[in-house]
Structure formats: structure tokens, C-alpha cells
Amino acid sequence: MKARRLIVLCGLRCSGKTTTGRLLASRLGTPFSDLDEIVAAAEGASAAEIITDRGLDAFREAERRSLERFLATPERRGVLALGGGAPTHPPLAKLLTNAANDGHLVIVYLRAAPVVLAARLRSPANAGSRPTLTQGASDPSAEVEQLFEERDPLYSSLAGLVVETDELGNEAVADRVLAAVNAD
């Protein structure tokens, strides 16, 4: 089974972008890429290092440049996981929208309720490994709720497909994405 276009996954942290992305790529026999890793390779520094040393605006611009280069390569036929904040940068969102409108990719929003995302953040696999993304929000529930309220409308407007993941395991999420992308 081959996807005709690049599948781009967006969503908040812990929504399953990387896990689902790897499953999809494996099933499709195509490459999996993560925009954070692409940026780190291009910039010679991790996202956290870039943000600390150069600021968030510089990181968002590095994401945009990396995405622009990625979309110009043959690998764009695989699966790409975006960082949770990537679509919030208007020039990057415009790149995605233009490519989707041209039929080069499909944007899939892996949507999970804030309570589900907060529970995933608190899980042993994630405990302490993810820094806060909002000023002063030390409680994962408060942070996730705030980010969900800010980003859910944006993700929904960009996505050609929204998959509600609350009650689904990773395999079922991948099944839904594949069914929808192949039916399109």
C-alpha cells in the first residue's frame, strides 16, 4: 500500500505524531521524518538549544526553512511529523497550506482531549522529559488546556483529516489515517 502524497501529522505533544508516523511509514514502506530532527541536523543544535541560544522566533524560522527544503525533496512521499508549535508560525502554515492545496500532501490532525494529553504527559515514559511550553504553567493539565484552546482551531483549519485519538490505540489511529488517505 503506497500513499500518493506526503502525510503530515500535526497535533499537541503526546498526541501520537511520532509513534503513529513510524507505524504509517512502516506500513506504507516509505520514509518517516520528524521536523524537529530535520531542524536539528540542519542547524547543528536541538530545538531546545536553538530556542535557548537564539530565541523562539529563530527556531520557528529554522523550522520554516527546513520544511521548505524538505518539501523540495523526493522524500516528501513518506510521513512527516511536525513539532506541536510548527503550524503556529504563519509562514510555515502557509507552506503547508499551499502544498496541500497543490495536492502534494495531506495534513492529518491527531486530536486528543486535554485530559488525555495531560495523562500521557504524566506517564512514566514522559515524566520529566518534556519542558513546560507556557509561561508559569507547571501543571501539565493547565498547560495542555491552554495550548489546546489556542491551537485546536488552527490545527483543525489546516487539516484535511482530523482523527480523534482519545479512545484509540496507536494501531487503530494508523488504521484510520490509512483508510482515509487511501480513500481520498
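**Entry 1: Ser-66**

I began with Ser-66 and set aside its neighbours within four places in sequence; Ser-66 is then in contact with Leu-35, Ile-38, Val-39 and Ala-42. Contact here means heavy atoms within 4.5 Å. I worked throughout on a predicted model, in which local features need pLDDT of at least 70, side-chain atom pairs count only at pLDDT 80 or more, and totals for chains, interfaces and linings use all residues. Residues are numbered from 1 along each chain as its sequence is written, and side-chain values use heavy atoms, with hydrogens and water left out.

I placed Ser-66 in helix α4. Helices (H or I, at least four residues) and strands (E, at least two) are DSSP runs, numbered from the N terminus. I noted a relative accessibility of 1% for Ser-66, so this residue counts as buried. The term buried stands for under 20% relative accessible area, exposed for over 50%, and partly exposed for values in between (1.4 Å probe, protein chains only).

**Entry 2: α2 against α4**

I next looked up the helix pair α2 (residues 35–43) and α4 (residues 56–71), whose axes come within 9 Å and cross at roughly 100 degrees. Axes are lines fitted to C-alpha atoms, for helices over the stretch in contact, and angles run from 0 to 180 degrees between N-to-C directions. The two helices α2 and α4 are therefore roughly perpendicular to each other. By the rule I used, angles under 35 degrees count as roughly parallel, over 145 as roughly antiparallel, 65 to 115 as roughly perpendicular and the rest as oblique.

I listed the residues that make this contact: Leu-35, Asp-36, Ile-38, Val-39, Ala-42 and Glu-43 belong to α2, while Phe-59, Ala-62, Glu-63, Arg-65, Ser-66, Leu-67, Arg-69 and Phe-70 belong to α4.

**Entry 3: α3 against α4**

I then turned to helix α3 (residues 47–54), which packs with α4 at an angle of about 135 degrees, the axes being 7 Å apart. That angle makes α3 oblique to α4. On the α3 side I found Ala-47, Ile-50, Ile-51 and Arg-54, which meet Leu-56, Ala-58 and Phe-59 in α4.

**Entry 4: two further residues**

I located Asp-57 in helix α4. Asp-57 is exposed, with a relative accessible area of 69%. I noted that its C-alpha atom is separated by 8.8 Å from that of His-89, 32 residues apart along the chain.

I found Leu-95 in helix α5 (residues 90–101). With neighbours within four places in sequence left aside, Leu-95 is in contact with Arg-64, Leu-67, Glu-68 and Leu-71. Leu-95 and Arg-64 are 31 residues apart in sequence, and 8.0 Å apart in space, C-alpha to C-alpha.

**Entry 5: aromatic rings**

I looked for aromatic pairs, and the structure holds one. Tyr-109 and Tyr-155 form this edge-to-face pair, with 5.0 Å from centre to centre and 65 degrees between the planes. Tyr-109 lies in strand β4 (residues 105–111) and Tyr-155 in helix α7 (residues 140–158), so the pair ties together parts that are 46 residues apart in sequence. Rings of Phe, Tyr and Trp (its six-membered ring) pair if their centres lie within 6.5 Å; planes under 30 degrees apart count as stacked, over 60 as edge-to-face and the rest as tilted.

**Entry 6: cysteines**

I searched for disulfides, each a pair of cysteine sulfur atoms within 2.5 Å, and the count comes to zero. Cys-10 is buried, with a relative accessible area of 1%. Cys-14 also counts as buried, at 11% relative accessibility. I placed Cys-14 in the loop between β1 (6–10) and α1 (17–28). The phi of Cys-14 is near 70 degrees, a positive value in a residue other than glycine.

**Entry 7: the whole chain**

Along the sequence I read the pattern β-α-β-α-α-α-β-α-β-α-α-β-α. Of the 184 residues, 47% count as buried. Among contacts between residues at least 6 apart in sequence, 75% join residues at least 24 apart.
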